[in-house]
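Open your viewer and have the selection tool ready.

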Amino acid sequence: MDHTTQTLYTLEQLSAGRSALHRLHPGVKILAALFFMVTVISFNRYSLGRIVPFLFYPCILIAWGDIPLGLLLGRTALALPFCLFAGISNLIFERSIAVTLLNIPISYGLLSLLTLLLRTLLCVAAVLILMAVTPLTRITAQLRRFRCPALFVTLLEISYRYIAVLIAEASSMYTAYILRSGGAKGIELKHMGSFIGHLFLRSADRAERVYAAMKCRGYDLDKAPRYPLALCAVDIRFLALVCGFCILFRVVDVSALLGSLIRMVVWQL
């Protein structure tokens, strides 16, 4: 259980780093990630070539924030199977040829599937990078300063914090079940409903006690933290650069320009 919980909160441990990216204002990092994701989502489902230049954002921030690439790819890959199952039907219903690359025909279905996967990869990576370079307490505090609905911020905060509680209760119940089942290798299907029901009741009871302890220590759901961090010039420059490059790649087809330039160079040779 300890290993599972530690793996779950690895990104939060990374957020205690001391790189220049970690020291940026949390509001600036939230706005930059949000602007990046909205720009990526704004393309249509066949714009694979237009979305490829947006890889600049995760590549630069991973290097700048000293984030382990393998860790980030592992977390990001967890979301890809869901998109793969959602988009695989496009291969069946959209069979007409969209483009031929190196004498290999590519259908509209394959093009839309690849676009969906790349778009998911970029958006999930943007969120994970934000969490890896910003403590969750600063993210939720900044969301409250942005006047986000208190219910949304509280759900985000409590859900993230109570995952460990749920894992701990599930681990204890599973160990007790195995010890009393006479060598069973897992939970039998006929006991699964009762197991999940008891898990919910035990988790809710423990969550109530945790919340009562938090209230005793002065926790307030609707109270915005005092003393917000001041914006610096480097914060403004970071946000301007991210938004500027996103607008540039949204307006200008950089992939087509690079392709034309490469063809021109090859033709002259």
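Contact here means heavy atoms within 4.5 Å. Keep that cut-off in mind for the first stop. This is a predicted model.

**Stop 1: Pro58.** Select Pro58, which is found in helix H5. Is Pro58 buried or exposed? Its relative accessibility is 8%, so Pro58 counts as buried; the cut-off for buried is under 20%. Now show what surrounds Pro58. Setting aside neighbours within four places in sequence, Pro58 is in contact with Phe36, Leu122, Ala125 and Ile129. Next, draw a distance from Pro58 to Leu69. The two are 11 residues apart in sequence, and their C-alpha atoms lie 10.0 Å apart in space.

**Stop 2: Leu122.** Move on to Leu122. Which residues does Leu122 touch, not counting those up to four places away in sequence? They are Phe36, Val40, Ile51, Phe54, Leu55 and Pro58.

**Stop 3: the cores.** Leu122 also belongs to the largest nonpolar core, which has 34 residues. Leu122 is among those with the most contacts inside this core, together with Phe36, Val40, Phe54, Tyr57 and Phe238. Color the helices that each supply at least two residues: H3, H4 (48-51), H5 (56-64), H6 (69-77), H9 and H13 (233-251). H9 gives the most, with nine residues. Then look for a second, separate core of five residues, including Ile30, Leu130, Ile139 and Val153. In soluble globular proteins, nonpolar side chains tend to be buried together.

**Stop 4: H3 against H9.** Select residues 26-41 for H3 and 108-133 for H9. Their axes come within 10 Å and cross at roughly 175 degrees. That makes H3 roughly antiparallel to H9. On the H3 side, show Lys29, Ile30, Ala33, Phe36, Met37, Val40 and Ile41. On the H9 side, show Arg119, Leu122, Cys123, Ala126, Val127, Leu130 and Val133. By class, this contact has 12 nonpolar residues, two charged and no polar ones.

**Stop 5: H10.** Select residues 136-145, helix H10. How many of its 10 residues are buried? Seven are, so H10 is mostly covered. The buried ones are Leu136, Ile139, Thr140, Ala141, Gln142, Leu143 and Arg144. They pack against H2 (10-14), H3, H9 and H11 (150-180). After H10 comes Arg147, with a positive phi near 65 degrees.

**Last stop: confidence.** Color the chain by pLDDT. The average is 83, and 93% of the residues score at least 70. Confidence is lowest in H1 (residues 2-8), at a mean of 60, and highest in H3, at 94.

Methods:
Residues numbered from 1 in each chain as written. Predicted model: local features only at pLDDT ≥ 70, side-chain atom pairs only at ≥ 80, totals over all residues. Heavy atoms only, no water. Axes fitted to C-alpha atoms, helices over the stretch in contact; angles between N-to-C directions. Helix = DSSP H or I, 4+ residues; strand = E, 2+ residues; numbered from the N terminus. Parallel < 35°, antiparallel > 145°, perpendicular 65-115°, else oblique. Nonpolar A, V, L, I, M, F, W, Y, C, P; charged D, E, K, R; others polar. Core = buried A, V, L, I, M, F, W, Y, C linked by side-chain atoms within 4.5 Å. Buried < 20%, exposed > 50% of the residue type's maximum accessible area, 1.4 Å probe, protein only. pLDDT = per-residue confidence, 0-100.
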